[in-house]
Amino acid sequence: MWAQTLRGPFRFEQVEVAAPDPAALPPGHVLLAPRAGAICGSDLPNFRGGVWPHPAAEDGWGATRAPGFPMHEVAGEVVASRHPDHSPGDLVVGWASMFDAIAELVVTDGEGLAPYDPSLAPSTAVLLQPLACVLYAVEQLGDVTGQSVAVIGQGPIGLLFSSVLKARGAARVTGVDPVDRGDVAGVFGVDETVTARAERWSAGLADADRPSVVVEAVGHQVSTLQPALDAAAPGGQVFYFGVPDDPVYPFDMMTFLRKNLTLRSGVTLERRRVLADAGEFLAAHPELREGYVTHVHPVADVEAAFTAAISPRPGQLKIAVDMT
């Protein structure tokens, strides 16, 4: 089968590798033929040359040598299954559990997959995976009805947070990003667009304007957690959603203590349930179908897709890869 593999920083190559044996599927797993994938911010450090800990890691480039790596947001067709709720021919969306979705066939845990509306193109359906992650995170915040919230980072994940928080009853949503997202603010429920770095925004807030919920949706650096703490109103919550690249983050304990803040974080659990919830949310908010995935590249052009994704710009949100 074909697979795309990283040969070095910023460089993909298509290779031929042995196809998985359907008879060797582990219990609970499926053999999936990807039809589309999407690039997550957590994929980009690997494209630049970083390495995640990974069961397939080898010497040198480590996990980035694994065919199909790095991509986990996937929509496809079940080819074979040892999961009781998935059958050959099913169209499903969710996680490629080994982050190896840029390939003709993928073995993945069936608990990270759920059916999707077949009227959706696969390159649109992939949005259900990040939407599921956001829905699960917002659940952890509790009732946000009537609250003022802010989302630091208005890339594809941050805009989904803005949309979901507004739909869940937030009275005011502020989106903060150095990239101007004013063109899509209304679609994603953003009441105020702040085009600035997080520290500049937080430093200029009056006490009366401090949000009771702040979501950090950037990750991969240490500079945005402190502005989130600084911005939050006393007694408020900060949800750190962005994936950390560093094991230890600077943390102003005095600010945290004196404001009586709550800091939350965590990965997405109950994946099949929240994928189903994401399908219902998308059905209720059809404007996301057209506004979220802004660019679709053929898989032969995957290197260009990743190159675009590392350079956020107005008019560019989620980038998908067509594998049909």
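Predicted model: local features only at pLDDT ≥ 70, side-chain atom pairs only at ≥ 80, totals over all residues.
Residues are numbered from 1 along each chain as its sequence is written, and side-chain values use heavy atoms, with hydrogens and water left out.

Let's start with the strands. P34 is found in strand 3, residues 29–38 (strands are DSSP runs of E with at least two residues, helices are runs of H or I with at least four, and both are numbered from the N terminus). With a relative accessible area of 2%, P34 is buried (buried means under 20% relative accessible area, exposed means over 50%, and partly exposed is in between, using a 1.4 Å probe and protein chains only). Leaving aside residues up to four places away in sequence, P34 touches V74, A75, G76, A101, A103, E104, L105, V106 and M323 (contact means heavy atoms within 4.5 Å). P34 and P122 are 88 residues apart in sequence, and their C-alpha atoms are 9.0 Å apart in space.

Now move to strand 4 (residues 73–81), which holds V78. V78 counts as buried, at 1% relative accessibility. Again not counting residues up to four places away in sequence, V78 touches V30, L31, L32, H86, S87, P88, G89, D90 and V92. T255 is another story: V78 and T255 are 177 residues apart in sequence and 50 Å apart in space, C-alpha to C-alpha.

Next, a helix pair. Two packed helices are described by the angle between their axes and the distance between the axes. Helix 3 (residues 128–141) packs with helix 4 (residues 156–167) at an angle of about 50°, and their axes are 9 Å apart (axes are lines fitted to C-alpha atoms, for helices over the stretch in contact, and angles run from 0 to 180 degrees between N-to-C directions). Helix 3 and helix 4 are therefore oblique to each other; angles under 35 degrees count as roughly parallel, over 145 as roughly antiparallel, 65 to 115 as roughly perpendicular and the rest as oblique. Which residues meet there? From helix 3 come P130, L131, V134, L135, A137, V138 and L141, and they meet I157, L160, F161, V164 and L165 in helix 4. By class, this contact has twelve nonpolar, no polar and no charged residues (Ala, Val, Leu, Ile, Met, Phe, Trp, Tyr, Cys and Pro count as nonpolar, Asp, Glu, Lys and Arg as charged, and the others, Gly among them, as polar).

On to the backbone in the loops. F69 and P70 are joined by a cis peptide bond, with omega at about 5°, and P70 lies in the loop between helix 1 (44–48) and strand 4. H220 is not a glycine, yet has a positive phi of about 65°. H220 sits in the loop between strand 11 (213–216) and helix 6 (225–231) and is partly exposed, with a relative accessible area of 21%. N260 also has a positive phi, near 55°, in a residue other than glycine. The loop between helix 7 (253–258) and strand 13 (262–264) is the place of N260, and N260 counts as exposed at 59% relative accessibility.
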